[in-house]
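Subject: Structure handover

Hello,

Here is the structure I promised to pass on. Please open it and keep it beside you while you read the notes below.

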Amino acid sequence: GLGCFEPRKPKIENIQFFEGKGIEYVIKDPDLYKNKKIVISGGGDSALDWAIYFSKIAKETTLVHRRSSFRGHLDSVGIIEKLTKQGKINLITDAEVKEVQGKTCLENILIQDIKGKNKNLNTDFWFPLFGLVPKLGPIQNWGLTLEKNSIVVNTIDYSTNIKGIYAIGDVNTYPGKLKLILCGFHEASLMAQSAFKHVFPDEKASFKYTTVMGGIKGF
C-alpha cells in the first residue's frame, strides 16, 4: 500500500485544539451525536451518506460543500436535495469552513462563500470528510531511497537500497511503474524468491507450478 492512511485535514488555524473536542474525522459511534447540531463538510459519498443519516437523529444537520455539484452517488444527491427541500438538511454550497471557534470545545464555525461573504454557524460537532491521504510514517526515517514519497526499488527483485528490505505494490516506484494489483502480484513473486535466500540461506528454493501440484480436482 501507499503507507498509513490519515484523514485529509483542512488548513485551518488552531484546528488541532478542537480535534476530539467537537471536530472529528471518523464517526465511530453515531449515537453520540443524537439531538446535536451537526455540520458536515465534503462532497463525496461519505459526506452525503452521513448527512442523510444525521438528518434523522440530529437536532440540526448542515452540509457544506465548496462546489455546487457533488462527487457522490446520484441517488444520494437526489436524497440530499429532497431532504433540503423538506427542511431536514441545511445545504450550503460554493462555500467552505474558514474558521473554528470556541473556549474549551467547538462552539462556532465561520463559513465563507466564493463571493467572500461570511456566515457564523453555531454547532456542537464538525465533521470534515475530505477523504484520506497516505503517509509513509516512520518508514521515512529508515534511510531508504525515496522519490515523491515512494520507495525506489531494483526491478530485478524489488529490493531497496538497504539489504533485506523489499518494497512491493503501490508504495514503491521505478521506471514504468503501474499501480495495479496485477503488477503487485508480479512484484511479490520475484521478491519472495529473493527474500527466501535471506531467510533460509542454506536451503534450496523449490519452485513449482500449480499444475504440478495436481491442478483442480473434481472434474
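**What was found**

Ala95 stands opposite Asp113 in strand S6. Keep in mind that this is a predicted model.

Now take the pairs one at a time. S5 is joined to S6 (residues 108–113) by 6 bridges, and the two run antiparallel. S6 also pairs with S7 in the antiparallel sense, this time over 5 bridges. Look for Ile109, which stands opposite Leu121 in S7. S6 and S7 form a hairpin with 4 residues between the strands. Find Gly116 in that hairpin: Gly116 takes a positive phi near 90°.

**The sheet S10-S11-S12**

Another open sheet of 3 strands has the order S10-S11-S12. Its pairing is mixed. The edge strands are S10 (146–147) and S12 (172–173), and each pairs on one side only. S10 and S11 (residues 150–152) pair in the antiparallel sense over 2 bridges. Within this pair, Glu147 stands opposite Ser150 in S11.

**Strands S2 and S8**

Strand S2 (residues 37–41) pairs with strand S8 in the parallel sense, over 4 bridges. Which residue in S8 is the bridge partner of Ile40? The partner is Phe127.

Stay on S8 (residues 125–128) and look at the side chains. Phe125 and Phe127 point one way. Trp126 and Pro128 point the other way. Are these residues buried or exposed? All are buried.

**Helices H2 and H3**

Next, turn to helix H2 (residues 45–57) and helix H3 (residues 74–85). They pack at an angle of about 35°, and their axes are 10 Å apart. The crossing of H2 past H3 is left-handed.

Which residues meet here? From H2 come Leu48, Asp49, Ala51, Ile52 and Ser55. From H3 come Ser76, Val77, Ile79, Ile80 and Leu83. The residues of this contact divide into 7 nonpolar, 2 polar and 1 charged.

**Helix H4 and Ala195**

Ala195 is found in helix H4 (residues 181–199). Why does Ala195 count as buried? Its relative accessibility is 16%, and buried means under 20%. Now find Ser159, which is 36 residues apart from Ala195 along the chain. The C-alpha atoms of Ala195 and Ser159 are separated by 8.9 Å.

**Cysteines**

How many disulfides does the structure hold? The count is 0. Compare Cys105 and Cys183 on accessibility. Cys105 has 34% relative accessibility, so Cys105 counts as partly exposed. Cys183 has 19%, so Cys183 counts as buried. The cut-off explains this result, because buried means under 20% relative accessible area.

**Where to start**

Find Asp113 with Ala95 opposite, then Ile109 with Leu121 opposite. After that, move on to S8 and its pairing with S2.

Best wishes

Definitions and conventions: Residues numbered from 1 in each chain as written. Predicted model: local features only at pLDDT ≥ 70, side-chain atom pairs only at ≥ 80, totals over all residues. Heavy atoms only, no water. Axes fitted to C-alpha atoms, helices over the stretch in contact; angles between N-to-C directions. Left-handed = near helix turned anticlockwise from the far one by under 90°. Contact = heavy atoms within 4.5 Å. Nonpolar A, V, L, I, M, F, W, Y, C, P; charged D, E, K, R; others polar. Disulfide = S-S within 2.5 Å. Buried < 20%, exposed > 50% of the residue type's maximum accessible area, 1.4 Å probe, protein only. Pairing = 2+ DSSP bridges.
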